[in-house]
Amino acid sequence: MATTARRPARRTLDRLWRHALLLAMTAFAVFPILFVVSAALNPLGTLSSSQLLPAQAGPDNFERLLTGTGYPRWYINSLLLAVCNAAATVLLSALAAYAFSRFRFAGRRAGLYGLLIIQMFPQFLAIVAIYLMFSAVTDLRPEIGFDTHWGLLLVYLGGALSINTWLMKGFFDTVPAELDEAARVDGASHAQLFFRILLPLVAPVLAIVGLLVFISTVNEFIMASVFLRDGDSKTVALGLYAMVADQRDANFGMFAAGTLLLAAPVLAVFWYLQRHIAEGLTSGAVKG
């Protein structure tokens with residue numbers, strides 16, 4: 001009887017600490033978001049006057065940011081870079097994964113391990129070599145050199161292809177090779193097989209890679225700070241940093257407003273791809 005009586009009490013205690021832990025984690029995650037929203041709506045716009053619940057609220061920081069700085073141009077630059085980098089990375093990684101998954105050629109195993117080893121080193125370790133290389137490229141072909149988004153896009157593509165190729169190859173391996181043979185029997189070319197049959201089947205991993213590349217490009221700062229020095233070519237990360245680098249307290253309201261505006265396209269892309277992302281995560285858990 002005593003054991004039976006203790007069971008409900010134990011279940012209640014177990015439920016209570018789980019709810020307490022959930023509330024603590026929710027507060028930990030929501031607190032910085034509320035602080036940034038509060039700082040963006042604080043008309044004083046300074047770090048010292050920011051509170052979790054501001055006494056006054058208004059769109060003053062958004063107006064100053066959009067009309068008194070180069071934020072609209074930085075915003076367009078960031079979105080163009082992120083969209084182009086995500087699209088190019090998905091296409092090139094899918095092509096490389098298809099080749100590594102479906103074909104057997106000399107150097108295939110060495111190439112796969114090479115991509116894996118390269119990914120173990122952070123991209124910024126090569127920043128000196130990349131800087132020297134693009135110094136020469138700027139002299140010869142200034143249209144893809146420093147202060148150009150095409151040059152920065154080339155650097156991004158070089159650093160992102162290896163791990164994404166590995167991720168996609170795993171998905172391509174799960175597609176039965178009999179589909180390839182059946183398509184070839186029906187007269188399909190390699191291009192038709194790749195674009196019309198295989199790509200729709202691996203759409204979840206394409207969505208995941210595209211979203212991750214989009215987010216990382218929007219938030220990237222180190223490589224962009226080396227390549228983009230001209231004011232019109234800056235991204236949002238560079239522009240916001242320059243705004244608070246010398247006056248950390250004065251422009252904090254505009255800095256918070258800029259981060260909120262930058263989060264909008266990321267949330268939109270995530271909302272658009274969430275069905276494919278959920279499908280990719282669940283299928284990845286049972287395949288193989």
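Modeller: Before we start, two heavy atoms within 4.5 Å make a contact. This is a predicted model.

Biologist: Which residues does Asn61 touch, leaving out those up to four places away in sequence?
Modeller: Asn61 sits in helix α2, residues 60-68. Neighbours up to four places away in sequence are not counted. The residues touched by Asn61 are Ala39, Ala40, Leu41, Asn42, Gly45, Gly253, Met254 and Ala257.

Biologist: Is Asn61 buried or exposed?
Modeller: Buried means under 20% relative accessible area. Asn61 has a relative accessible area of 0%, so Asn61 is buried.

Biologist: What distance separates the C-alpha atoms of Asn61 and Leu44?
Modeller: Along the chain, Asn61 and Leu44 are 17 residues apart.

Biologist: Where do the UniProt annotations put a "transmembrane region"?
Modeller: The labels come from an unreviewed UniProt entry. Such annotations may be inferred rather than shown by experiment. The entry lists residues 20-41, 74-100, 112-134, 154-172, 193-215 and 252-273.

Biologist: How far apart are the end C-alpha atoms of residues 74-100?
Modeller: UniProt lists this span as a "transmembrane region". In the model, the span is 100% helix and 0% strand. Its end C-alpha atoms lie apart by 38 Å.

Biologist: And how far apart are the end C-alpha atoms over residues 252-273?
Modeller: This span also carries the UniProt label. The chain here is 100% helix and 0% strand. The distance between the end C-alpha atoms is 32 Å.

Biologist: At what angle do helix α3 and helix α11 pack?
Modeller: Helix α3 covers residues 71-102 and helix α11 covers residues 236-245. Their axes are 8 Å apart. The packing angle is about 145°.

Biologist: Which residues make the contact of α3 with α11?
Modeller: By class, this contact has 5 nonpolar, 2 polar and no charged residues. From α11 come Val236, Gly239 and Leu240. From α3 come Tyr71, Trp74, Tyr75 and Ser78.

Biologist: Which helix gives the most to the lining of the largest pocket?
Modeller: The largest pocket has a volume of about 620 Å³. Helices α4, α6, α9 and α10 each supply at least two lining residues. With 9 residues, the most comes from α6.

Biologist: Which residues lie nearest the centre of the largest pocket?
Modeller: The pocket is lined by 25 residues. By class, 15 are nonpolar, 9 polar and 1 charged. Nearest the centre are Gln119, Gln123, Tyr156, Gly159 and Ala160.

Biologist: Which residues does Ser162 touch, not counting residues up to four places away in sequence?
Modeller: Ser162 is found in helix α6. Ser162 is buried, at 4% relative accessible area. The residues that Ser162 touches are Leu115 and Gln119.

Biologist: Why does Asp180 count as buried?
Modeller: Asp180 is in helix α7, residues 177-185. Beyond four places away in sequence, Asp180 touches Arg102, Leu193 and Leu198. The cut-off for buried is under 20% relative accessible area. Asp180 counts as buried because its relative accessibility is 3%.

Biologist: What is the phi of Asp147?
Modeller: Most residues other than glycine have a negative phi. Asp147 lies in the loop between α5 and α6. Asp147 has a positive phi, near 65°.

Key
Residues are numbered from 1 along each chain as its sequence is written. This is a predicted model: local features need pLDDT of at least 70, side-chain atom pairs count only at pLDDT 80 or more; totals for chains, interfaces and linings use all residues. Side-chain values use heavy atoms; hydrogens and water are left out. On a 1 Å grid over the protein atoms alone, a cavity is a set of points where a 1.4 Å probe fits but cannot get out, and a pocket is an open set with protein on both sides within 12 Å along at least five of seven lines; lining residues have an atom within 4 Å of a point. Grid points are joined across faces, edges and corners, and a volume is the space filled by probe spheres set on the points. Helices (H or I, at least four residues) and strands (E, at least two) are DSSP runs, numbered from the N terminus. Ala, Val, Leu, Ile, Met, Phe, Trp, Tyr, Cys and Pro count as nonpolar, Asp, Glu, Lys and Arg as charged, and the others, Gly among them, as polar. Buried means under 20% relative accessible area, exposed over 50%, partly exposed in between (1.4 Å probe, protein chains only). Axes are lines fitted to C-alpha atoms, for helices over the stretch in contact, and angles run from 0 to 180 degrees between N-to-C directions.
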